[in-house]
Amino acid sequence: MNAQELAVEARRFGADLVGIAPAHRWEHWPNPNNPRQIQPRCESVVVIGRRVLRGALRGVEEGTSFSSTYAMYGKDWNEMTFLVRTIHQVALALEAAGAEAVPMLGGGSGLDSQAIAHEAGLGSMGKGGFFLTPEFGHRQRFGLILTDLAMDGNPVINVTFCQGCEACLKACPLSAMTN
């Protein structure tokens, strides 16, 4: 299985974002951030993203509700119901192709999923401390699959939404961001 075939499979199983971080981009990282602390033969980290629905953040942005739809569809269910199934299916496809695959949720893996997502070419950190992608801005959740299959990585990109105008700081109803 190559990177392109993997991306097709991942999208078939519900992935909105798929990136690959080959070992040469992270193998020098110290523990506990190095994927080889979990899988010693890891050659690639597949990053799977599922978008957070736009409507799930409405109450958070307006300051009217912090839980309701965001807690369920933006975070908890998105990760624990939908994303885990996608990660599992992609890991099964990798193993069916003869690779070893270690599926993990991004936030609970002990690894820096945002740093790995950057090295997988999915986006970069924004001014507010949120990971930003060209497709969904800050609205996604990540899962990881550590595999011994060496694959070409996606080009690393730096998302540059910030123009230094500080409009995001002024618009934030919760004053959650600072200079």
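The paragraphs below begin with the whole chain and then turn to the details.

This is a predicted model, in which local features need pLDDT of at least 70 and side-chain atom pairs count only at pLDDT 80 or more, while totals for chains, interfaces and linings use all residues. Residues are numbered from 1 along each chain as its sequence is written, and side-chain values use heavy atoms, with hydrogens and water left out.

The protein has 5 helices and 6 strands (DSSP runs numbered from the N terminus: H or I with at least four residues for helices, E with at least two for strands). Along the sequence they follow the pattern α-β-β-α-α-β-α-β-β-β-α. Of the 179 residues, 42% are buried, meaning under 20% relative accessible area with a 1.4 Å probe and protein chains only; exposed is over 50%, and partly exposed lies in between.

Now to the sheet. An open sheet of 4 strands runs in the order β1-β2-β6-β3 with antiparallel pairing (two strands pair if DSSP finds at least two bridges between them). Because β1 (17–22) and β3 (101–105) are at the edges with a single partner strand each, one side of each has no neighbour in the sheet. For β3, the pairing with β6 (residues 140–147) is antiparallel and covers 5 bridges. There, L105 has G143 in β6 as its bridge partner.

Finally, look at helix α3 (residues 68–96), where W77 is found. W77 counts as partly exposed because its relative accessibility is 36%.
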